[in-house]
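I wanted to look up sheets, helix packing, cores and a few single residues, and write each down briefly.

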Amino acid sequence: MAERPIAAIYARLSEEDREKGKGWECSSSIINQLMLLRRYAEQKGWDVYKCYTDDDWAGTDRSRPAFNQLLRDARQGRFNIVLCKTQSRFTRELEMVEKYIHGLFPLWGIRFVGAVDNADTSVKGNKKSRQINGLVNEWYLEDMSENIKAVLTSRRQEGCYIGSTPLYGYRKDPERKGHLVVDPEAARVVKLIFHSFANGMGKTAIARMLNEKGVPNPTEYKRQKGIIKKAPQHKAGTMWKYFSIADILGNEMYIGNLIQGKYGSVSYKTKKNKPMPKGQWIRVEHTHEPIIDKELWDTVQKMIQERAKPFSTGEVGLFAKKVRCKHCGYIMRSGKGRGRHYLNCSSRHVAKDACIGSFIYVDKLEEIVLEEMRKINLQYLDEKCLEDNIVIHETLDEDLEKWKNQSSLHRQRLLQIDTAIKNLYLDKVKGDIDAEQFQVLYRGLDSDKEKANDAVKQLEQKMEYVRSRSGSRIDKREIVREYVNPSGLNRPMVEQLIDHIVVSRRDPETKKINIEIHWNF
């Protein structure tokens with residue numbers, strides 16, 4: 001007697017789904033999906049291995065915990081069917097459809113089934129409809145992303161505040177969406193900061209004063225008010241710092257102007273953001289009640305400019321934002337004294353018991369890092385072997401490789417689109433889809449094809465430019481020598497090789513400073 005098939009049920013619900021109405025097209029909860037899928041498995045005579053659920057996760061998020069656990073169990077052969085409500089519950093990305101549903105699942109002996117949209121990898125000829133569903137989901141995501149961006153941009157331009165939490169000193173107006181009102185308690189602290197600075201007090205001194213008074217910093221204040229829930233990892237996380245004072249003194253939202261759009265999403269497929277050029281920020285004046293009057297603001301901004309270090313060149317320091325204090329975890333600040341640059345933890349300056357403080361001279365830290373690099377190189381690297389066998393990835397090489405990969409992906413996309421168009425014609429001839437459905441799908445595919453062709457042309461032009469410069473590159477022996485036996489460090493080397501460095505305070509007995517270097521390799 002044949003063994004009963006074993007199914008893994010996967011259910012997903014996103015915030016977007018919560019905003020939709022109830023019904024067959026979209027379950028109102030994870031429980032509804034599970035009930036539907038359990039009943040479906042029972043009717044088919046399948047045993048259920050486990051139910052995997054991701055609540056409040058988007059279909060493009062590849063970090064979904066239950067989704068990734070399902071893939072790990074699938075790879076180990078713990079079941080032979082993956083059952084979802086629809087293909088889009090599993091993923092909305094065509095790339096993931098091809099990778100898992102059409103690629104790895106068949107290799108692992110796993111059948112994919114969508115209970116509602118009839119997606120089934122065991123049915124011959126069903127693949128075309130799954131691919132079209134994948135394309136439609138891709139278009140849906142891209143269109144939805146662009147629509148959301150357009151709406152958010154419009155709201156910002158209208159002077160509406162769209163942040164998840166209000167700026168310190170304000171709270172969201174309960175009677176008017178997108179409007180800020182003054183929070184009297186926090187506003188008094190903001191005014192104190194501006195007046196203290198205008199009266200000659202430095203930023204670190206202001207932070208120390210607030211900490212001595214027991215005033216919680218903006219993050220801790222919001223946590224105490226229930227605006228955010230994340231608890232601080234260290235006592236220093238509840239205290240005022242130099243940077244928090246600097247941010248407040250330079251934020252013109254305190255004079256009633258709304259500044260938004262400083263960060264933008266990298267892609268609709270990821271939640272990561274990137275800084276936007278200042279010229280693209282959206283600035284709208286007089287959108288809310290000011291906490292600071294214009295005269296005081298102008299006075300403070302003038303003082304900030306006058307206090308700017310005259311010897312500052314604007315260059316990024318060698319270890320900028322790479323060194324952390326071992327005792328409180330905060331990034332160490334740079335300074336200069338007696339002709340030497342140093343890094344120190346500023347926490348000990350803002351409160352007596354905030355941190356015991358770490359300190360190290362930059363040239364000393366550079367010497368330690370170089371020595372560690374030499375030890376690693378002696379142990380693992382052979383300079384002659386590197387010269388003979390390893391390709392040195394200079395900037396141009398990296399760009400060329402990146403563009404080649406991108407071009408290859410676009411060409412694969414073109415092949416997929418051509419195949420999808422051919423299948424569309426066949427489906428139209430056979431009567432599987434009507435003329436209107438054909439036109440809708442064809443226009444979308446044709447638009448995607450045009451975009452992919454344009455992308456390939458642009459990448460080819462970039463690669464040709466790089467190839468034309470190949471004769472002027474540095475001899476690779478020089479590059480190998482720079483990294484294998486460097487005479488000194490530079491910022492690009494630090495960026496490429498070091499994730500971060502942890503520095504402790506000097507031990508009073510041994511006089512040694514404990515250094516932990518966390519490499520990128």
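I take contact to mean heavy atoms within 4.5 Å. The model is predicted: local features need pLDDT of at least 70, side-chain atom pairs count only at pLDDT 80 or more, and totals for chains, interfaces and linings use all residues. Residues are numbered from 1 along each chain as its sequence is written, and side-chain values use heavy atoms, with hydrogens and water left out.

**Entry: His 179**

I began with His 179. Leaving aside neighbours within four places in sequence, I found His 179 in contact with Arg 171, Lys 172, Asp 173, Thr 287 and His 288. His 179 sits in the loop between β5 (170-172) and β6 (180-182). Helices (H or I, at least four residues) and strands (E, at least two) are DSSP runs, numbered from the N terminus. Is His 179 buried or exposed? I noted it as buried, because its relative accessibility is 15%. Buried means under 20% relative accessible area, exposed over 50%, and partly exposed in between (1.4 Å probe, protein chains only).

**Entry: Gln 157**

Next I looked up Gln 157, which is placed in helix α6 (residues 127-157). Gln 157 has 52% relative accessibility, so it counts as exposed. Its contacts, leaving aside neighbours within four places in sequence, are Ile 282 and Val 284. I also checked Arg 283: it is 126 residues from Gln 157 in sequence, and 7.6 Å away in space, C-alpha to C-alpha.

I turned to the sheets. Two strands pair if DSSP finds at least two bridges between them. Strand β1 (residues 6-13) runs parallel to strand β3 (residues 81-84), and 3 bridges join them. I picked out Ala 7, whose bridge partner in β3 is Ile 81.

**Entry: the antiparallel sheet**

Another open sheet has 3 strands in the order β12-β13-β14, with antiparallel pairing. Its edges are β12 (333-337) and β14 (359-361), which each pair on one side only. Here the twist averages 30° from one strand to the next. I counted on the record of β12 and β13 (residues 340-344): they pair in the antiparallel sense over 5 bridges. Lys 336 has His 341 in β13 as its bridge partner. Gly 335 stands opposite Tyr 342 in β13. β12 and β13 form a hairpin with 2 residues between them, and Arg 338 in the turn has a positive phi of about 55°.

**Entry: positive phi**

I then followed up on phi. Most residues other than glycine have a negative phi. Asn 118 has a positive value, near 65°. It is found in the loop between β4 and α6. I noted Asn 118 as exposed, because its relative accessible area is 56%. His 286 also is not a glycine, and has a positive phi of about 55°. His 286 lies in the loop between β10 (282-284) and α11. At 65% relative accessibility, His 286 counts as exposed.

**Entry: α8 against α10**

At what angle do α8 and α10 pack? Helix α8 (residues 203-212) and helix α10 (residues 242-249) pack at about 110°, with axes 8 Å apart. I therefore logged α8 as roughly perpendicular to α10, a label for 65 to 115 degrees; under 35 is roughly parallel, over 145 roughly antiparallel, and the rest oblique. Residues of α8 in this contact include Ile 206, Ala 207 and Leu 210, and those of α10 include Tyr 242, Ile 245 and Leu 249.

**Entry: cores**

Last, I looked up the nonpolar cores. Such a core is a set of buried Ala, Val, Leu, Ile, Met, Phe, Trp, Tyr and Cys residues joined through side-chain atoms within 4.5 Å. The largest has 34 residues, and Phe 194, Leu 210 and Trp 240 are among those with the most contacts inside it. Its largest share, 7 residues, comes from α7. A second, separate core has 26 residues, including Phe 319 and Met 493.

Conventions:
Axes fitted to C-alpha atoms, helices over the stretch in contact; angles between N-to-C directions.
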